[in-house]
Amino acid sequence: AGYVTKLNAIAKEDSSIASSSLESLIKTRNGKVFNLAAQVWNHTFYWNSMSPNGGGQPSGRLMDLIKRDFGSYDQFKEKFSDEVLAHFG
């Protein structure tokens, strides 16, 4: 992912970043390093929280709101993906 590559590039140039944990960077840095470290931590947490039998389309109220706001689940996924790529690259 782009945020990992970018944080690694910064760490190559700054040994204090390279020797710090993500948690330490999140607590002590701001700006670009904070944002990149927080994205790495957040996505690591997210993937570690996945269930082998999880996923699929939501149901109930959440699906109703997705249909109301985006027209369909497929249109929601497309819009979400477009926004992510535009924001994070």
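1. Which helix holds both Y73 and F76, and how many residues apart are they? They sit in helix α6, which covers residues 73–88, and they are three residues apart, about one turn of the helix. Keep in mind as you look around that this is a predicted model.

2. Now look at the two rings themselves. A pair of aromatic rings is described by the distance of the centres and the angle of the planes. For Y73 and F76, the centres are 6.0 Å apart and the planes meet at 35°, so this pair is called tilted.

3. F76 comes out at 21%, so it counts as partly exposed. The cut-off for buried is under 20%.

4. In total, the structure has five aromatic pairs.

5. Another of the pairs is W41 with F45, and this one is stacked, with 5.3 Å from centre to centre and 5° between the planes. Both residues belong to helix α4, and because they are four residues apart there, about one helical turn separates them. W41 is partly exposed at 35% relative accessible area, and F45 is partly exposed too, at 48%.

6. Staying with α4, let's see how it packs. Two packed helices are described by the angle between their axes and the distance between the axes. Helix α1 (residues 2–13) and helix α4 (residues 31–48) have axes that come within 9 Å and cross at roughly 130°. The two helices are therefore oblique to each other, and α1 passes α4 in a left-handed crossing.

7. Who makes that contact? From α1 it is Y3, V4, K6, L7 and I10, and from α4 it is K32, V33, L36, A37, Q39, V40 and H43. Sorted by class, the contact has eight nonpolar residues, two polar and two charged.

8. One last stop, back in helix α6, where you'll find D74. D74 is exposed, with a relative accessible area of 52%. From D74 to Q57 is 17 residues in sequence, and in space their C-alpha atoms are 9.7 Å apart.

Methods: Residues numbered from 1 in each chain as written. Predicted model: local features only at pLDDT ≥ 70, side-chain atom pairs only at ≥ 80, totals over all residues. Heavy atoms only, no water. Axes fitted to C-alpha atoms, helices over the stretch in contact; angles between N-to-C directions. Parallel < 35°, antiparallel > 145°, perpendicular 65-115°, else oblique. Left-handed = near helix turned anticlockwise from the far one by under 90°. Contact = heavy atoms within 4.5 Å. Nonpolar A, V, L, I, M, F, W, Y, C, P; charged D, E, K, R; others polar. Phe/Tyr/Trp six-rings, centres within 6.5 Å; stacked < 30°, edge-to-face > 60°. Buried < 20%, exposed > 50% of the residue type's maximum accessible area, 1.4 Å probe, protein only.
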